[in-house]
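Subject: Handing over the structure

Dear colleague,

Here is the structure that I promised to pass on to you. Please open it first and keep it beside you while you read the notes below.

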Amino acid sequence: MSDVQGLKCRECGAVLPVGPRAICEECFGPLEVTYDYEGIRRRLDRDALQSRPRSMWRYRELLPIDGDDILGAEVGFTPLVRADRLATQLGVRALYIKNDAVNFPTLSFKDRVVSVALTKAREFGMTTVGCASTGNLANAVAAQGVRHGFDTCILVPHDLEEAKILGTTVFGARLVGVRGDYDQVNRLCSQIADRFGWGLVNVNLRPFYGEGSKTVGYEIAEQLGWRLPAHLVCCMAGGSLITKIAKAFDELKMFGWVEDAATRFHGAQAAGCNPIVTAVKDGSGEIKPVKANTIARSLAIGNPADGYYAARTIRESGGAAEDVTDAEIVDGIRLLASTEGIFTETAGGVTVAVARKLIAAGRIPRSEPIVLVITGNGLKTIDALQPTARPYPVIEPRLEAFEAAVGAEAASSISSTVASSSTFSPGAAPSGAPGAGRSSWQSR
Ligand SMILES: *Cc1c(COP(=O)(O)O)cnc(C)c1O
């Protein structure tokens, strides 16, 4: 049973029946899934939902599926962690990381959109699925496609990061590298979808794919105790994710599940591919396609399909859009890693660096709660860090060699730890504890 009403054109408002299509037949505007929200509200209870399994599918009534055959039932419900050490570094009061770098199964938020799209592909009776990808989507379609018995055909720019190529082919998925940028790959995929009738998740299944991103928003609200943050910072490629988190928050407000508080949406891009940021800053809202050149390959979409709507979401929320250089992206990755122990890819570096920039500029007030959406895992983009990697000593397996390399420094830091712990609670070592009463516990 489904509360989906149909596919509504975001431009002319025409409503089409549910099917594998993404574009309005009347005006070529993008299609969006619409729901009978009254029906959902009557049958779905916020508190009942909290006892469901911890995956994105706990919000299944708000996802555009018809049957019970859910593919990827384990995806989502990633941690929302309070990031006090990063907050201190940035000089803000309350900061949270939504950590989709540890999503299942392929370590990015794309696992969510693929789970919905493949569930839909199965409903439509499709046997081959694929995508046009900047990397993470390829990984997610490959892993879930293979696991659920689809034939796969995945198209990417041929020169992607090695980890994203291997992280696709390892599953046995069919990968095709295209000599061209993402926008050319995407155009080719539209033709392929028409010709072969395959389910290309971000092409002819795009309206369903996009709905999967709403679950990031539901989870953030639930994990904050059914509250919405005052600020949310999100990186943008095609611009879908940020608009869908906004849609999720709007739905929760409509249901009365959260207070009707305003969230400012802040959009983040790399300076080497910033068409949405430019559209927000120049006030036009019109996307002027660019040729991408940035280490944030997963965000390198020069002509973003949802760019116009992302810019509108940001502007209407009173948020800001900002871009950062490749060097700032690397700094952002290191800052998050060294404060919170979270290793994100270049896209997450963009998010952290833009947040830092907006806070420093006073665009995000230091006293209001902020959520950073971290969308991908650092192990996939280690090339970006290689040139500035920290050196470390390599020694012979002998104590003298260790002492020569780090020993003196280490020994002095150990004795200061002991000294400070005995200063903290003098004589507190329990009598049976190792070292109790011995001179090593005395301050010196
Ligand atoms: C795809 C992707 C994004 C952006 O998603 P859009 O919905 O296209 O804006 C952000 N981060 C990572 C890691 C991605 O792979």
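I begin with E251, which is buried, with a relative accessible area of 1%; buried here means under 20% relative accessible area, exposed means over 50%, and partly exposed lies in between, with a 1.4 Å probe and protein chains only. Before going further, please note that this is a predicted model, in which local features need pLDDT of at least 70 and side-chain atom pairs count only at pLDDT 80 or more, while totals for chains, interfaces and linings use all residues. Residues are numbered from 1 along each chain as its sequence is written, and side-chain values use heavy atoms, with hydrogens and water left out.

E251 has its place in helix α10, where helices are DSSP runs of H or I with at least four residues and strands are DSSP runs of E with at least two, numbered from the N terminus. The side chain of E251 is joined to that of Y37 by a polar contact of 2.4 Å. By a polar contact I mean a pair of N or O atoms within 3.5 Å; within protein, one must be able to donate a hydrogen and the other to accept it, and residues adjacent in sequence count only if both atoms are side-chain atoms.

Y37 also belongs to an aromatic cluster, which it forms with Y35, W226, F255 and W257. Rings of Phe, Tyr and Trp (its six-membered ring) pair if their centres lie within 6.5 Å, and planes under 30 degrees apart count as stacked, over 60 as edge-to-face and the rest as tilted. A search of the whole structure finds nine aromatic pairs. One of them is F124 with F208, an edge-to-face pair with 5.7 Å from centre to centre and 70 degrees between the planes. F124 lies in the loop between α4 (110–123) and β6 (128–132), and F208 in helix α8 (residues 206–212), so this pair ties together parts that are 84 residues apart in sequence. F208 is buried, with a relative accessible area of 1%, whereas F124 counts as partly exposed at 26% relative accessibility.

The rings of W226 and W257 have their centres 5.6 Å apart and their planes at 80 degrees, so they too make an edge-to-face pair. W226 lies in the loop between α9 (214–223) and β10 (231–235), and W257 in the loop between α10 (240–254) and β11 (264–270), so parts that are 31 residues apart in sequence are tied together. W226 counts as buried at 7% relative accessibility, and W257 counts as buried at 8%.

What about helix α9 itself? Nine of its ten residues are buried, so α9 is largely enclosed by the rest of the structure; among the buried ones are K214, Y218 and E222. After α9 comes G225, whose phi is positive, near 75 degrees.

Turning to the ligand, 16 residues surround it, and the closest are K110, G238, G239, L241 and T375; a residue is near a molecule if one of its heavy atoms lies within 4 Å of it. An N or O atom in the side chain of K110 is 2.8 Å from an oxygen atom of the ligand, and a backbone N or O atom of G238 likewise lies 2.8 Å from a ligand oxygen atom.
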